[in-house]
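Work through the exercises below with the sequence and the model open side by side. Each task is followed by a solution that goes step by step.

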Amino acid sequence: MANQDDKPYSEIEEEDDTEDEEEEDDDFNEDEEEEEQQPLLTPESKMQTQRSQMEQVFHRISSERVPLRVHDVLIKGNTKTKDFIIEAEIEALKTATSVQELLQAATIANARLRKLDVFDSVSITLDSGPPELPGTSNVVVQVVECKNPLTGDVGVFTKPEARSWSLEGSLKFKNLFGYGDLWDGSLSYGWDQTTEVSAGVSLPRFMKLFTPVMARVSLLSQDWLKFSSYKEQSLGLSLGLLSTRNHDLAYNLSWRTLSDPSQMASKSIRRQLGHGLLSNLKYTFKIDRRDSPLRPTKGFAFVSASQLGGLFPDYRSLRSIRQEFDLHYALPLGFARAALNFGVAGGVIFPWGSDFKNRPTSLPDRFFLGGNSSPVCTLGGPTSLLGFKTRGLGPSEPKREVKTNSEDANSDTSERDFLGGDLAVTAFADLSFDLPLKVLRDSNIHAHAFACTGSLTKLTENSFREFSLQKYKDSFRSSAGIGLIVPTKLFRMEVDSRGTMNPETPNHVRVRI
Amino acid sequence: MDESIETEPQRLTLVTRKPCFGLPTACPSCLPVYIYLKLANVPFDLSYNLTFPDSDQIPYVDSDTYVAYNNEKGGVIESLKEDKIVNLDSEVQDLPEWVSTTAMINSWLSDAILYELWVGLDGSTAHKIYYSDLPWPIGKVLYLKQVYNVKQLLGISKDNAERREEEETSVLRGKLLEQPNLALYADKHKAELLDAASSSSSDPSSSSSIPRRGPSNWSSKPKSKPKRERTQEEKNFRRKAKYFLITQMVAVLVFLSLLGGSDDTEVDDVDGDEVNMVDGRMDRGKEPKIWQ
């Protein structure tokens, strides 16, 4: 309920990017009484009086702590949304003890309410409190719920994990039950023949948890027939339990099937085909202090992901521990916007449970190196290594040989399946710099020179017994090259010429997007 | 086998489903291949796939880059014959009795086995063979799906379930009980091939030891009539179902020709009557006296 006075004395309208207080008006109870007792004045002198009052107020706010407490918080405009959802986001307002604190809390509350994504507009008004209680304020939170709760979206996205593009269409339904719940269904088709159909719900407040909770059901199909002779289909449920800026904890339960419709798989792949139940908990810690994810010139970034599999009570579910990390550092060189980017990434996966030393790790969970994604932009474990084709590094086995009618005893090109590895390490160094032409500089087209190295080894099935440092050093493969990067609004195109320190792989020029 | 492997000298591996019930592999489509290789004296390793019950590629024989899948070229044994790795049937496969007997096996007998394994006995036998090593939710779903498929294949619905049960199992049971020679013969070969194998194989079954008790116990029967396949196509299924009988017949031939056939291990044609009941397409008049 607003004050008896129907004119709100103060109003705070927040823009998304504002945190400064110059745009806010403010006024207080103390001034209200004085104003009522003033004699009638001409409009100009009235305005002047008000202006001088405002200046006094601003001066007071900026120079000293002005005590104020919140008497009541009123929420208006929510016909569907439950009160407690909104109240949870504006907790800090109730405990403010000064004007400055109140303004800051109001800014934050406004941003959090907008982030719920269920309101068309949010405004927080600081009104004067009841006249018998000086030094108090009533806060009025006015929300306008989404008129159209259903939104659709179609787009082309890049997915660093899948190292490819995907075409995605999604439908979102906002606030179906009034709990700030966001429902979405999406269909995505990837350029590497990955298809995914999924539906999910996100709840800002679930029981006593202070971070949003998400649940997602997805049906995924990935085709790796060309590289590893298997197709992966999985039906999964994932629960996001904790999600803040730096931490993310999720539980995933899925039924995964590996099959080989081409019937050309190599021996190790043949032995891996079948159904499996994954039940794992994944914790990710991420911190990114670089100035830009696409062309970092200073700062660092670190990601660590730990995954523990085999939590389902059934002992036959897939059991393994997986740990990976990725560290990037960008060093500015002070000229031509040049920067030196370094990165090192590593990962290991190992099974646990009975007979863990003899068991192989599950094929899709292993590490695969190679592909076309830029190591500078990809943050998330040892995955990318320029100069090698997708999954092109590491242990491999010859595929099945089928005798043709033409009496060729041996085929010339015996194809191979890439099996991935249990221990992966990559490192890169990249020097990027602007080109001398102004037109290129203005469109942010720049050049870069890079070198990267990586290794992928198998540890399971007692392979770790034959592990030796010399053999490990020999297993590293490296590549180096130079290229041109053309960033556009939609994507980042890279033209590289690179060579590998590996006699079998020829040097080549590649265009990547 | 030393003389037949021209492709590569690597050791063959036979990948089958798990061992159960005292058998080196309890799956009725895998066991014939096992027995065939044993009868041919081909050295091979045995490996198990416990996670893919609905694959029609299993059983398969492989060695590094060579694979003979179950769903190619008419089956594993046919592929091995074609690739000149092993061939026990060269002398008999043109005999008319052979053709008629195999056709008989491929029709009603295979349906009865299918019924017995998946619908009769609550399907617990099939569950143990195919799904006991899969995590519970997956095993349960796949099992129910397969039972449904088998019922569709056999045309069983709620209305005719009881009638079909009588038809399939009582006839099969009755007729097999009337063939003590067949049972003896099967037991004899089991002793020679399978029990010896189970003691030397890497993964001997620890399940109940039933087969010695003879034909009255159904769990033993899948061994002597191990032609039951879960594929969708009836044609595929019937083709695979003939393997065991072929190997049995050939072994008897060999035995008789080498040792003079002192036993009357004559296997009569399993009566024309039961054939008539189902589809009557068999040639009832003939007795498959192949070995005379």
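## Exercise 1: the interface

A:R400 and B:E72 form a salt bridge in which the closest N and O atoms are 2.8 Å apart, where a salt bridge is a side-chain nitrogen of Lys or Arg within 4 Å of a carboxyl oxygen of Asp or Glu. This is a predicted model, in which local features need pLDDT of at least 70 and side-chain atom pairs count only at pLDDT 80 or more, whereas totals for chains, interfaces and linings use all residues. Residues are numbered from 1 along each chain as its sequence is written, chains are lettered from A and ligands numbered from 1 in the order in which they are written, and side-chain values use heavy atoms, with hydrogens and water left out.

Task: describe the interface of chain B and chain A, and state how many salt bridges the rule finds across it.

Solution. Begin with the residues in contact (heavy atoms within 4.5 Å): chain B contributes 28 residues and chain A contributes 23 residues. Next, take the buried area, which is the accessible area (1.4 Å probe) that two parts lose on being put together, summed over both; for chain B and chain A this is about 2,100 Å², with 49% of it on carbon and sulfur atoms. Of the area that chain B buries against chain A, 26% comes from B:F52, B:T65 and B:I138, more than from any other three residues. Finally, the rule finds 4 salt bridges across the interface of chain B and chain A.

## Exercise 2: strands and rings

Task: trace how strand β10 (residues 247–259) of chain A is joined to strand β9 (residues 231–243) of chain A and to β11(A), then classify the ring pair of A:F285 and A:F302.

Solution. Two strands pair if DSSP finds at least two bridges between them. β9(A) and β10(A) run antiparallel and are joined by 12 bridges, forming a hairpin with 3 residues between them; A:S234 has A:R256 in β10(A) as its bridge partner. On going from β10(A) to β11(A), there are again 12 bridges in an antiparallel arrangement, and A:L253 has A:S279 in β11(A) as its bridge partner.

For the rings, those of Phe, Tyr and Trp (its six-membered ring) pair if their centres lie within 6.5 Å, and planes under 30 degrees apart count as stacked, over 60 as edge-to-face and the rest as tilted. By this rule there are 13 aromatic pairs over all chains. The pair of A:F285 and A:F302 is tilted, at 6.3 Å centre to centre with 55 degrees between the planes. This pair links distant parts of the chain, since A:F285 is in strand β11 (residues 274–288) of chain A and A:F302 in strand β12 (residues 299–309) of chain A, 17 residues apart.

How values were computed
Helices (H or I, at least four residues) and strands (E, at least two) are DSSP runs, numbered from the N terminus.
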